[in-house]
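I opened my notebook to look up a few things in one protein model.

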Amino acid sequence: MRNVSKTFILLTLLFLGIGTYAQTNTGGVITDSLGAPLSGVSIRVKGTGTGTLTSGNGSYSINAKPGDVLEITYVGYNPVKITVGDAALLNVKLAESLADLGQIVLVGSRGSGRVKTETPAPVDIVNTNQAIMPTARMDITSLLNYAAPSFNYNKQSGSDGADHVDLATLRGLSPDQTLVLINGKRRHQTAFVAIFGTRGRGASGTDLNAIPEGSIDHVEILRDGASAQYGSDAIAGVINMILKKDVGKFSINVGYSGYYDHKYNTWFDRGSGQYPTSGGIDGNALSVNANYGFKLGNNGGYLNLTGAFSTTGKTFRQILDTTDFLNKKDALYYNYIRRANGDASLTEAGIMLNMKVPLGGSNASFYAFGGFNQKWSDAYAFTRSWNSKPERFPTDENGNLIYVPSIMYSVNNGDGSFDTVYNPHIQTHVQDASLSAGVEWQSNGGWNWDISNTIGRNDFHYFGDKTLNASIGPAPIHFDDGGFNFLQNTVNADISKKITTVARGLNLAFGGEFRFENYQIYKGEEASWQLYDIAKAPGSQGYPGYRPADEVNDDRTVEGFYADAELDATEAWLLGGAVRYEHYSDFGSTLNFKLDTRYKIAHDFNLRGSFSSGFRAPSLAQINFSNTFTTVQAGNLLEVKIAPNYSEIAKAAGIPNLKQEKSLNASLGFAWKALPELTITVDGYWVQIKDRVVLSGQFSADDPDLDPALTDVLKELKVAYAQFFANAVNTTNTGVDIVFDYKKRFGSNKHFNALLTGNIQSMTIDKINVPEELSGTETLRETFYSDREQKFLLASAPKQKFALSLEYGLNKLAIGARVTYFGKVDLYGYGEDGSGINPMVPTDANPDVYVPDQYIYSGKFVPDVYLSYQLCKNASLFIGADNFANVHPDYGLVQSAKYWAFNNETGGPWDAVQMGFNGIHLFAKLAFNF
């Protein structure tokens, strides 16, 4: 009996022990409001050191007994406190925080994200769907130019391929010194490399407009060097585009815009017959974006699809007052250099998808995103004049002009004489395709894995239209000029873990990357480049075709490895660091680091700063680009060769193999939540770059000061001039970015928003690295990188840029206004001799008196105004006018030397400057949401 009693007591105690143990373990799944699992949610038992994180499928398990309080927090969601009851299963749905919604930053961190005011480096967040509607701007690049303080973009005109792709910069640096990500994955660059044009000459970049704006939820702009975190191209910063993942929502945006410029539109001078024109309102644009998301399964899976189409017409701008132009400031003679001056036309269509699917009952998910974009663009080249250059026209056996009525027309010179002219068209067909796919999951021990592959390809194909190869005759008038393409395939493996038991949290991340890149140049048809008659200009006039000698097919591989850590040392102090090693098959290895920190001086005031080294690998386009084109100087037809870096010409000139650009970056600033409605951020930066890759000046085969080894090679190849890509320049950029963001709601039906952004910056050229073989004389040294080219580099961004946006809303109506200030830009023309070295031109009053061929574009305020109205539950209307005051840049000329007007890169009255020259931009847009 005693043994039975003991057994009963032991079983009872064991049962009670099991019961007690069961009640000390609580678990479940944490999801968002739509039921999608949330990974990395922090769960802590209040008043203890016990804590855990949710796994990839949102599940968790924590040692907690009835009566304990669980504190559940996740960035971007309202915190929750729940008292543990008797049930062992505790599922929780978190609601998005309206205060933080859209303010969570993923770029710059390998963790789960932070509110943007608590990051160690400045990040701008632009909600594209909200920002694109109350403006006439139809594309993401021009939108960001007005929305982010140090984002800079100039619409090119008269710059060949640069007219057809919009390349932007951060902090006054080069377009290819900013890395672009899509959903955190590296985006491929365009195959295009700028040869002509006043901005980004010698650089490539990423075409942001190839991504439909309707597919983008928001854009994160990290304004800080991040090469150690992301690799090449991140010297100036990183742009991360986050795609939409909405489900069950259909949205369609339809917009129209057009320019009304009563002062400079050639329509208002159409009676003169001097210029092409298209109407009193030109640059007419229509844009349609449609987006819909499908739910995949019941565990938060989605498929989001976007389709986009847009078309934009040309603009035509000239100075129309030609009377007494020597004595009138705002008058000028007729522009015979480029009669069709203005923006190119563009038709564009694209699709984009973004999807994620949980895999069965595991904590793994498959994701994919990508798209396809096609552009058709048409731009005018410089005018061909029979009186000036008859060798560019077809003639009969007696030297008489063969008139081609479909492209030629007659113009009055104003002195009783006439001229025959034609305006060649440069057309491009650009295809852009990309696809990313990967799997992410959480393994035992809480390690998060992400394995992915991203492939992208860009093809840039030139055509000459309504033009001639004069050495053939009057036909054909359309040519296939060839082009180039670039392919990039990137394999990534990323591993991270949040360790809650170290200080206030430690996030560790490691990863590797393998990248394959291929660049090709393909020839045009023979007639686009061939010389058939020695007395005539060869090739397609406007843009000559690529020759068989230009063709190239080159590739390289890149291996990279990184380690990254973020430590919340205390509630107030964040420390971060990263190191990255990369090896390139074509130039070698590089090792870079980054250190950053953020300290909460007060609950609403954060100090932040960083210091890092960085690099940018020379692009395959810069290494391999080759083109031979014809120029006419002193009546002679001359061949100009842009020689590849490895060519015989480049070696004879002593041009070293291209190597990586190297940088040091430092930033210091603060983020202050001065009021619940007001956030203020101020960040200073310093960026020093060595060995920047630029395009050199043109060296003559007849120059006796050149090394005979070079001139002999040039003459053997029958090339009169040669130029090269080289690591030619060291620069230092300093500046400060300022953001004041105020959002106030009054009850449920009123709001007032104010946003002030600003950038003040300066660049210095510290050194020009002239190769020894090209430094024999001062003229040779200056030819290598002339005064004119230096001005272009220094004018990559204006000295100041400020933008103030105001909006007041009442019920269904909102009115808003913006004013943007673009600071002074200082440029040079070609000068009388065309060399760009200390360019000087003779004055109109006395041809023996010379003045600098310098164009000073003073600072200008550009005002916008708009109105929005909610027509019904599912539709809203937006109307307004950008630049309603019809503000234009100053003229690109020297007032005392007007006869030397149009001696600039565009061949028009203005250079390409940020504010543009098209005048009032009217718009109307409709947004539908179902």
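First, a definition I need: a strand is a DSSP run of E with at least two residues, and strands are numbered from the N terminus. The model I looked at is predicted.

**Entry: confidence**
I checked the pLDDT. Its mean for the protein is 90. I noted that 95% of the residues reach 70 or more. Over residues 4-23 the pLDDT is below 50. That stretch has 6 contacts beyond near neighbours in sequence. Residues 98-102 also stay under 50. For them I found 4 contacts beyond four places in sequence.

**Entry: a surface patch**
Which residues form a nonpolar patch on the surface? I listed Phe-561, Val-579, Tyr-581, Leu-591, Phe-593, Leu-595 and Phe-611. Together they have about 650 Å² of accessible area. Strand S30 (573-584) and strand S31 (588-602) each give two or more residues to the patch. S31 gives the most, with 3 residues. I placed Phe-561 in strand S29, residues 552-568.

**Entry: aromatic rings**
I searched the whole structure and got 39 aromatic pairs. I picked Tyr-546 and Phe-625. Their ring centres are 6.1 Å apart and their planes stand at 90°, so the pair is edge-to-face. Where do the two residues sit in the chain? Tyr-546 is in the loop between strand S28 (506-522) and S29. Phe-625 is in the loop between helix H5 (620-624) and strand S33 (627-633). They are 79 residues apart, and the pair links distant parts of the chain. Are they buried or exposed? Both Tyr-546 and Phe-625 are buried. I also found them in a cluster linked by ring pairs, with members including Phe-192, Phe-460 and Tyr-462.

Note on methods
Residues numbered from 1 in each chain as written. Predicted model: local features only at pLDDT ≥ 70, side-chain atom pairs only at ≥ 80, totals over all residues. Heavy atoms only, no water. Patch = residues over 30% accessible without salt bridge, like charges linked within 9 Å, V, L, I, M, F, W, Y side chains within 5 Å. Areas by Shrake-Rupley, 256 points an atom, 1.4 Å probe, with all protein chains shown as cover. Salt bridge = Lys/Arg side-chain N within 4 Å of Asp/Glu carboxyl O. Helix = DSSP H or I, 4+ residues; strand = E, 2+ residues; numbered from the N terminus. pLDDT = per-residue confidence, 0-100. Contact = heavy atoms within 4.5 Å. Phe/Tyr/Trp six-rings, centres within 6.5 Å; stacked < 30°, edge-to-face > 60°. Buried < 20%, exposed > 50% of the residue type's maximum accessible area, 1.4 Å probe, protein only.
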